[in-house]
Amino acid sequence: MKPSPAGGPRGFAAGAPSERRAGREASSLATGEELRSLMRHFPSGVTVVTCGPPQEAEGMTASAVFSVSLDPPLMLVSVQREARLNAKVRAQGHYAVNFLAEDQEGLSRLFSSPERSSGPEAAHTLGGGPGETGAPLASGGLGSVECTLEAVYPGGDHDLFLGRVVAVHPGDERKSPLVYHEGTYPRLVHDPRPAESAGAFVDSARGFDVRTRDFTRRRRKR
Ligand SMILES: Cc1cc2nc3c(=O)[nH]c(=O)nc-3n(C[C@H](O)[C@H](O)[C@H](O)COP(=O)(O)O)c2cc1C
């Protein structure tokens with residue numbers, strides 16, 4: 001959406017992009033493009049969110065997924081309003097989140113393609129059979145959780161599906177996760193650096209060292 005001139009109907013403030021970036025105009029609104037271009041630098045894990053039953057299976061690659069609560073166990077997934085999965089989850093009242101492993105880039109690419117299959121073919125490709133809710137599970141990944149739909153919140157061009165976790169299926173814990181960053185799938189490299197070289201560990205004001213859980217400087221007397 002193009003910002004309208006200052007004083008326009010939505011109250012968008014005018015100003016050079018550099019001024020907006022510096023946050024000098026608190027009332028200006030950022031664009032989706034600005035948000036996208038920053039967020040692409042933020043790495044995320046990758047999942048395929050699915051919904052059953054297997055004869056009508058639907059799956060979609062999603063990284064906007066997180067665990068909201070442990071007591072009770074709740075998950076949240078953000079799904080485009082127009083995505084095939086959206087209507088399916090609303091109708092069936094359940095979904096599964098399949099956490100992909102580093103060797104499952106192909107599944108991520110397939111389930112983010114509008115050309116992908118639905119139904120038994122989709123379930124077959126995922127390979128893990130139906131879960132307790134009927135949602136197809138992926139085999140060979142880090143594991144899956146199944147949820148029943150508790151609430152739907154509108155989120156702009158997406159909907160947020162809050163789900164109660166009803167089943168947890170652990171997967172292959174030896175594998176690393178599939179990661180998405182800057183439009184590619186880089187491999188995670190475990191770097192056994194000594195802790196000293198890994199950045200700041202000491203709170204500069206209080207002198208608290210998180211490695212030793214001690215104060216490096218004498219505490220000021222109160
Ligand atoms: C790594 C990755 C993560 C994605 N994350 C999400 C997401 O969290 N929510 C979403 O709605 N779409 C996400 N997408 C985009 C959808 O997978 C893609 O647009 C899909 O085609 C939408 O379904 P549709 O073809 O039924 O419209 C992601 C795509 C990729 C490659």
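## Nonpolar core

In this predicted model, the largest nonpolar core holds 33 residues. Val48, Val49, Val77, Tyr95 and Val97 have the most contacts inside that core.

Tyr95 shows how such a residue is surrounded. Leaving aside residues up to four places away in sequence, Tyr95 touches Val49, Thr50, Cys51, Val77, Val89, Ala135, Cys147, Phe161 and Gly163. One of these contacts, Val89, is also a buried residue of helix H3.

## Helix H3

Helix H3 spans residues 84-92. Its buried residues are Leu85, Lys88 and Val89. They cover an arc of only 100° around the axis, so they sit on the same side of H3.

Strands supply cover for these buried residues. Among the covering elements are S2, S3, S5, strand S6 (94-99), strand S9 (143-155) and strand S10 (158-170). Gly93 follows H3 and has a positive phi, near 75°.

## Ligand shell

The shell around the ligand has 17 residues. Ala62, Ala64, Ala83, Arg84 and Ser112 come nearest. By class, eight shell residues are nonpolar, seven are polar and two are charged.

Two strands each supply at least two residues of this shell: S3 (58-62) and S5 (73-80). S3 and S5 are also among the elements that cover the buried residues of H3.

## Cis peptide bonds

Gly52 and Pro53 are joined by a cis peptide bond, with omega about 0°. Pro53 is in the loop between strand S2 (47-51) and S3.

Another cis peptide bond joins Asp71 and Pro72. Here omega is about 5°. The loop that holds Pro72 runs between strand S4 (65-70) and S5.

## Positive phi outside glycine

Glu182 is not a glycine, yet its phi is positive, near 50°. Glu182 lies in the loop between strand S11 (179-180) and strand S12 (208-209). Is Glu182 buried or exposed? Glu182 has 9 C-beta neighbours inside 10 Å, and therefore counts as exposed; the cut-off for exposed is 12 or fewer.

Arg213 also has a positive phi without being a glycine, at about 55°. Arg213 is found in the loop between S12 and strand S13 (214-215). Arg213 counts as exposed because it has 7 C-beta neighbours inside 10 Å.

Notes: Residues numbered from 1 in each chain as written. Predicted model: local features only at pLDDT ≥ 70, side-chain atom pairs only at ≥ 80, totals over all residues. Near = placed C-beta within 6 Å. Helix = DSSP H or I, 4+ residues; strand = E, 2+ residues; numbered from the N terminus. Nonpolar A, V, L, I, M, F, W, Y, C, P; charged D, E, K, R; others polar. Buried ≥ 20, exposed ≤ 12 C-beta atoms within 10 Å, placed from the backbone. Core = buried A, V, L, I, M, F, W, Y, C linked by C-beta atoms within 7 Å. Contact = placed C-beta atoms within 7 Å. Arc of directions from axis to C-beta.
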